[in-house]
Amino acid sequence: MNIKKRKILINDLVLLASIGVYEQEKKQKQKIKINLEVLLTNESEPNKDDLNSTQDYCKFRKLVLEIVERKHYELIETIANQIYSDIIDQKCTLGVKVKIIKPDIFNDCEVGYELSNI
């Protein structure tokens, strides 16, 4: 049996998010970077060169955008968990890795959070 590991990758998706616990963060959106890795089932592999026969990465990107724009979040952990939960519930999904970076918090580094089952 030929077992393949098929993944959709979305790297460095830069968004403005309403996120943070401090008053200033609640008033002004801040930049976040999202990296997403989705492990797909072999059953979802395309059998022809046609978008309708595969998993379109646009739907995963759209899902992430909708979650980030939905409301104010205090923690990046909460956004990561919501993205993870919504994607793992997809019929075509075996595993998910979500990494969220807040690049502008400190002058000397980026900070982030990662949630994964792959």
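Predicted model: local features only at pLDDT ≥ 70, side-chain atom pairs only at ≥ 80, totals over all residues.
E66 and K62 are separated by about one helical turn, because they stand 4 residues apart in helix α2. As a general point, an α-helix has 3.6 residues a turn, so residues three or four places apart point the same way. E66 itself counts as partly exposed, at 42% relative accessibility; here buried means under 20% relative accessible area, exposed means over 50%, and partly exposed lies in between, with a 1.4 Å probe and protein chains only.

Residues are numbered from 1 along each chain as its sequence is written, and side-chain values use heavy atoms, with hydrogens and water left out.

Now the overall layout. The protein chain has 3 helices and 4 strands, in the order β-α-β-α-α-β-β from the N terminus; helices (H or I, at least four residues) and strands (E, at least two) are DSSP runs, numbered from the N terminus. The C-alpha trace spans about 55 × 25 × 20 Å along its principal axes, and 39% of the 118 residues count as buried. Of the contacts with a separation of 6 or more, 60% come from residues 24 or more positions apart, a contact being heavy atoms within 4.5 Å.

Back to helix α2, residues 57–70. Its 14 residues reach 20 Å from the first C-alpha to the last, close to the 20 Å expected at 1.5 Å a residue, the expected span being 1.5 Å times one less than the number of residues. At the start of α2, a side-chain oxygen of D56 comes to within 3.0 Å of the backbone nitrogen of C58. What do the buried residues of α2 pack against? F60, L63, V64, L65, I67 and V68 are buried, and the buried residues of the helix pack against β1 (6–17), β2 (30–40), α3 (76–88) and β3 (93–102).

The structure holds 6 salt bridges, and two further pairs deserve a look. E25 and K102 meet through their side chains at 3.6 Å, N to O; since E25 lies in helix α1 and K102 in strand β3, the pair ties together parts that are 77 residues apart in sequence. Both E25 and K102 are buried. E110 forms a salt bridge with K33, with the closest N and O atoms 3.1 Å apart, and this pair links E110 in the loop between β3 and β4 to K33 in strand β2, again distant parts of the chain, 77 residues apart. E110 counts as partly exposed, at 43% relative accessibility.

Next, two asparagines. N35 lies in strand β2 and counts as buried at 16% relative accessibility. A polar atom of its side chain lies 2.7 Å from the backbone nitrogen of D12. D12 has its place in strand β1, with a phi near 55 degrees, a positive value in a residue other than glycine, and D12 is partly exposed, with a relative accessible area of 44%.

N117 lies in the segment after β4 (111–116) and counts as partly exposed at 39% relative accessibility. Which residues does N117 touch? Leaving aside residues up to four places away in sequence, N117 touches Y84, I88, L94, G95 and V96. The side chain of N117 makes a polar contact with the side chain of Y84 at 3.2 Å; such a contact is a pair of N or O atoms within 3.5 Å, where, within protein, one must be able to donate a hydrogen and the other to accept it, and residues adjacent in sequence count only if both atoms are side-chain atoms. A polar atom of the N117 side chain also lies 2.8 Å from the backbone nitrogen of V96.

Notes: Salt bridge = Lys/Arg side-chain N within 4 Å of Asp/Glu carboxyl O.
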